[in-house]
Amino acid sequence: MSEEQQAQPQLALERIYTKDISFEVPGAQVFTKEWQPELNINLSSSAEKVDPTHFEVSLKVVVQANNAGDTAFIVDVTQAGIFLIDSVEEERLPYILGAYCPNILFPFLREAVNDMVTKGSFPQLLLTPINFDAEFEANLQRAQTAAEGQA
């Protein structure tokens, strides 16, 4: 088979959307106190094969802000994208799904969180940018170390 006949690798974002979104302010007393929040941020990603050439990649964040011992707000956002991934080397797929795609989704997630928080009349909340490439490599290292420890 010549190079022209071989399938060319394809990688494209076909759709981006907010899969799930929630904002909660448990009590109004939070608005009567001096604002010195403590933030608890939990971020995760997942990928699911939709069909032979499409994957849904989701990036989820849950932010809980506590102020003076009370929960000020909880924001929970899942940003997702449908990615066309075709004729890509199988060994590259984990990196694409675990780092490349989350890098694309993160700015949209960050904007959604900030919008929710400011519409809830709280100060702006811009999540710190994340190096998903470094996180992916660190996760690989942890998995390799754990596998060697069990051997």
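**Labels and their grounds**

Analyst: A68 sits in the loop between β3 and β4. Helices (H or I, at least four residues) and strands (E, at least two) are DSSP runs, numbered from the N terminus. The model is predicted: local features need pLDDT of at least 70, side-chain atom pairs count only at pLDDT 80 or more, and totals for chains, interfaces and linings use all residues. Residues are numbered from 1 along each chain as its sequence is written, and side-chain values use heavy atoms, with hydrogens and water left out.

User: Why is A68 called exposed?

Analyst: Its relative accessible area is 59%. Exposed means over 50%, buried under 20%, and partly exposed in between (1.4 Å probe, protein chains only). So A68 counts as exposed.

User: What makes the phi of A68 worth a mention?

Analyst: Most residues other than glycine have a negative phi. A68 is not a glycine, yet its phi is positive, about 50°. S87 is another non-glycine residue with a positive phi, near 60°. S87 belongs to the loop between β4 and α1.

User: Why is S87 called partly exposed?

Analyst: Its relative accessibility is 31%, so S87 counts as partly exposed.

User: What is the relative accessible area of V25, and which class does it give?

Analyst: The value is 31%, so V25 is partly exposed. V25 lies in the loop between β1 (10-24) and β2 (38-51).

User: Which residues does V25 touch, beyond those up to four places away in sequence?

Analyst: V30, F31, A72, F73 and F122. Contact means heavy atoms within 4.5 Å. P107 is 82 residues from V25 in sequence, and their C-alpha atoms are 24 Å apart.

User: How do you know that H54 is buried?

Analyst: Its relative accessible area is 16%, so H54 is buried. H54 is placed in strand β3. Apart from neighbours within four places in sequence, H54 contacts E14, E48, K49, I82, F83 and L84. From H54 to G149, 95 residues along the chain, the C-alpha separation is 35 Å.

User: How much of the protein counts as buried?

Analyst: 30% of the 151 residues.

User: What makes a set of residues a nonpolar core?

Analyst: Its members are buried Ala, Val, Leu, Ile, Met, Phe, Trp, Tyr and Cys residues, joined through side-chain atoms within 4.5 Å. The largest such core has 30 residues, and F73, V75 and V113 touch the most other members. At least two residues each come from β3 (54-67), β4 (70-86), α1 (93-119) and α2 (132-150). The largest share, twelve residues, is from α1.

User: Which residues does V75 contact, leaving aside neighbours within four places?

Analyst: S22, F23, V61, V62, V63, V113, M116 and V117.
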